[in-house]
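Colleague: I have just opened this model and would like to learn how to read it. Could you walk me through it, feature by feature?

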Amino acid sequence: MRREERLIEAVIGNLKLLRGVSPSQSAAVAAQSWTLPLARGQALVRREQRLPGVCALAYGVVKLSIPARTGLGRVVRLVAAGQSFGESAAVLARAVPYEAVAVAHSKVVVIPSAALFGLIERDARLARGMLLVLAERNLGLLQELQGAGERRGLQRLAAYVDSLAEPAPGNGAWRASLPGTKTLVASRLGMSKETLSRLLGALARRGVIEVSRHEIIILDRSGLTALFEERG
């Protein structure tokens with residue numbers, strides 16, 4: 001049991017949503033939270049159902065998608081370890097417009113809405129942090145919708161890789177990890193798996209990235225940024 005408690009504390013302590021709150025406040029939220037294991041293919045929630053709270057991923061990958069009558073539907077987000085989802089639904093106490101399904105063996109930390117609201121009432125930093133997270137996500141969605149009509153596939157891919165970029169340990173370089181299979185990432189970007197592979201190869205030939213399975217080393221981040229900011 002203590003091991004599970006430490007896992008919850010570690011996930012919540014590193015969560016962007018709670019950045020800036022004190023360790024004691026983070027521990028208080030962790031004490032009210034719990035974990036849910038998900039097998040590959042298992043749904044945490046279906047469309048028009050309610051989540052049990054804000055969900056943070058300890059490990060694995062969860063796909064948020066809008067189902068269609070035929071085909072895979074539209075993947076709107078791939079949630080990786082250390083990321084959270086369900087904040088808007090928790091704030092509004094509403095059902096979600098998507099389904100959340102594990103695409104790998106995963107574990108979710110559930111943070112009940114009551115714990116967050118209690119902390120918001122006592123500390124404005126959490127309210128500010130949650131506002132920033134939701135604002136960034138909303139802006140990113142709007143930019144993506146704009147880009148879907150204005151950007152070529154190569155530009156969309158470059159923007160997506162840049163959004164996943166994080167510093168590589170030790171050498172000051174940047175790297176990105178694809179949070180799912182190429183089929184899922186392709187669906188996320190509105191293209192086929194074959195097109196995704198071809199475009200990754202095109203970025204590699206341009207010298208801006210190097211690809212090794214799901215790991216991408218960003219060789220020239222300024223070049224990557226310039227590419228997705230191009231017009232025409």
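**A guided reading**

Modeller: Gladly. Let us begin with Glu 99, which is found in strand S7, residues 99-102. Keep in mind that this is a predicted model.

Colleague: Is Glu 99 buried or exposed?

Modeller: The idea is to compare the relative accessible area with a cut-off, and buried means under 20%. Glu 99 has a relative accessible area of 14%, so this residue is buried.

Colleague: Which side chain does Glu 99 join in a polar contact?

Modeller: Look for Arg 46: the side chains of Glu 99 and Arg 46 are joined by a polar contact of 2.9 Å. Leaving aside residues up to four places away in sequence, Glu 99 touches Val 45, Arg 46, Arg 47, Lys 63, Leu 64, Ser 65 and Pro 67.

Colleague: Now the backbone, please. What should I know about phi?

Modeller: Most residues other than glycine have a negative phi. Glu 48, however, has a positive phi, near 70°. Ala 93 also has a positive value, with phi near 55°.

Colleague: Where do I find Glu 48, and where is Ala 93?

Modeller: Glu 48 has its place in the loop between strand S2 (43-45) and strand S3 (54-59). Ala 93 is in the loop between H3 and S7.

Colleague: How do Glu 48 and Ala 93 count by accessibility?

Modeller: Exposed means over 50%, with partly exposed lying between that and the buried cut-off. Glu 48 has 56% relative accessibility and therefore counts as exposed. Ala 93 has 42%, so Ala 93 counts as partly exposed.

Colleague: What does Glu 48 touch?

Modeller: Setting aside residues up to four places away in sequence, Glu 48 touches Ala 95, Val 96 and Pro 97.

Colleague: Let us turn to the nonpolar cores. Which residues touch the most other members of the largest nonpolar core?

Modeller: To read a core, begin with its members and then ask which elements supply them. The largest nonpolar core has 31 residues, and Leu 157, Leu 196, Leu 203 and Leu 224 touch the most other members. Two or more residues each come from strand S5 (74-80), helix H6 (153-164), helix H7 (182-189), helix H8 (193-205), strand S12 (215-218) and helix H9 (221-228). H6 gives the most, with seven residues. Another core, of 21 residues, lies apart from this one, and among its members are Leu 17, Val 29, Ala 30 and Val 133.

Colleague: What surrounds Leu 224?

Modeller: Beyond residues up to four places away in sequence, Leu 224 touches Ala 158, Val 161, Asp 162, Leu 203, Val 208, Ile 209 and Ile 218.

Colleague: How many cavities of 30 Å³ or more does a search of the whole structure find?

Modeller: The search finds one. For the largest cavity, the space is about 40 Å³. Its lining is made of Ala 90, Val 91, Ser 113, Leu 116, Phe 117, Ile 120 and Met 130. Helix H3 (87-92) and helix H4 (113-122) each give two or more residues to that lining, and H4 has the largest share, with four. By class, the lining holds six nonpolar, one polar and no charged residues.

Colleague: And which residues line the second largest pocket?

Modeller: Here you will find Lys 16, Arg 19, Arg 125, Arg 128, Gly 129, Leu 132, Val 133 and Glu 136. The pocket has a volume of about 150 Å³. Its lining has two nonpolar, one polar and five charged residues.

Terms used. Residues numbered from 1 in each chain as written. Predicted model: local features only at pLDDT ≥ 70, side-chain atom pairs only at ≥ 80, totals over all residues. Heavy atoms only, no water. Core = buried A, V, L, I, M, F, W, Y, C linked by side-chain atoms within 4.5 Å. Buried < 20%, exposed > 50% of the residue type's maximum accessible area, 1.4 Å probe, protein only. Contact = heavy atoms within 4.5 Å. 1 Å grid on protein atoms, 1.4 Å probe; cavity = no way out; pocket = protein on both sides within 12 Å on 5 of 7 lines; lining within 4 Å. Points joined across faces, edges and corners; volume = space filled by probe spheres on them. Nonpolar A, V, L, I, M, F, W, Y, C, P; charged D, E, K, R; others polar. Polar contact = N/O pair within 3.5 Å; in protein donor to acceptor, adjacent residues only side chain to side chain.
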